Amino acid sequence: MTLSSSKRYLYNCSLLTLPILIWNIILANKLPEAFQAEVFWHNIPLVLVYAENTSRMGVFIMAILMPLGIERPAQKQGLWVYLSGTLIYFMSWLVLIFFPHSVWSTSLPGFVAPAYTPLVWLTGIGLIGDPFYVNLLYHRWYFIGLSIIFLACHNLHTCIIYYRLH
């Protein structure tokens, strides 16, 4: 394997998760107490913990296996969906950080917003990605479907926390 052929494997859809991961690492401790690990992961049913974390890991593994491409019209549209979704996701965090006691932040839709808004940027990644590097059957709906499973678990988890506190 030459250096140039190995570089092509580095140019995959996981690159699109980096801004999200960096954002989460830098700002997670700024979110309200309910989102801190001691509270957020306390007494969550194990089946939900395993389902959420396994599906999350699957989403990231699939992103690594999908080459990043922005040549076709659907991929260009996917880039706009991804960028819009990332902005919406970031905004959902900022409202919770700067206005934690607002009507929006204390409502179910506002509290859970960081859990459901990733659907937009994850859908964008699904539209951008090309068929897997490995010889597996591919369709963008595999990635989007696994993302929906992950987000269903993540949203249920976040709703549990919300109803415990409100």
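**A proline loop, a helix pair and a pocket**

P100 lies in the loop between helices α5 and α6 (103–106). Helices here are DSSP runs (H or I, at least four residues), numbered from the N terminus. The model is predicted: local features need pLDDT of at least 70, side-chain atom pairs count only at pLDDT 80 or more, and totals for chains, interfaces and linings use all residues. Residues are numbered from 1 along each chain as its sequence is written, and side-chain values use heavy atoms, with hydrogens and water left out.

P100 has a relative accessible area of 29% and is therefore partly exposed. Buried means under 20% relative accessible area, exposed over 50%, and partly exposed in between (1.4 Å probe, protein chains only). Not counting residues up to four places away in sequence, P100 touches P32, V95, S105 and T106. Contact means heavy atoms within 4.5 Å. F111 is eleven residues from P100 along the chain, and their C-alpha atoms are separated by 9.0 Å.

Helix α4 (residues 46–65) packs against helix α9 (residues 140–165) at an angle of about 145 degrees. Their axes are 9 Å apart. Axes are lines fitted to C-alpha atoms over the stretch in contact, and angles run from 0 to 180 degrees between N-to-C directions. On the α4 side, the contact includes L48, E52 and R56. On the α9 side, H154 and H157 are among the residues involved. By class, the contact has 13 nonpolar, five polar and two charged residues. Ala, Val, Leu, Ile, Met, Phe, Trp, Tyr, Cys and Pro count as nonpolar, Asp, Glu, Lys and Arg as charged, and the others, Gly among them, as polar.

H157 belongs to helix α9. This histidine is buried, because its relative accessible area is 0%. Leaving aside residues up to four places away in sequence, H157 touches F40, W41, I44, L48 and E52.

Helix α8 is mostly covered, with eight of its eleven residues buried. Among them are P118, W121 and L122. The cover over the buried residues includes α2, α4, α5, α7 and α9.

The largest pocket is lined by 27 residues. N24, R56, Y89, W93 and H154 lie nearest its centre. A pocket is an open set of points on a 1 Å grid over the protein atoms alone, where a 1.4 Å probe fits, with protein on both sides within 12 Å along at least five of seven lines; lining residues have an atom within 4 Å of a point. The lining divides into 22 nonpolar, four polar and one charged residue.

Conventions. Helix = DSSP H or I, 4+ residues; strand = E, 2+ residues; numbered from the N terminus.
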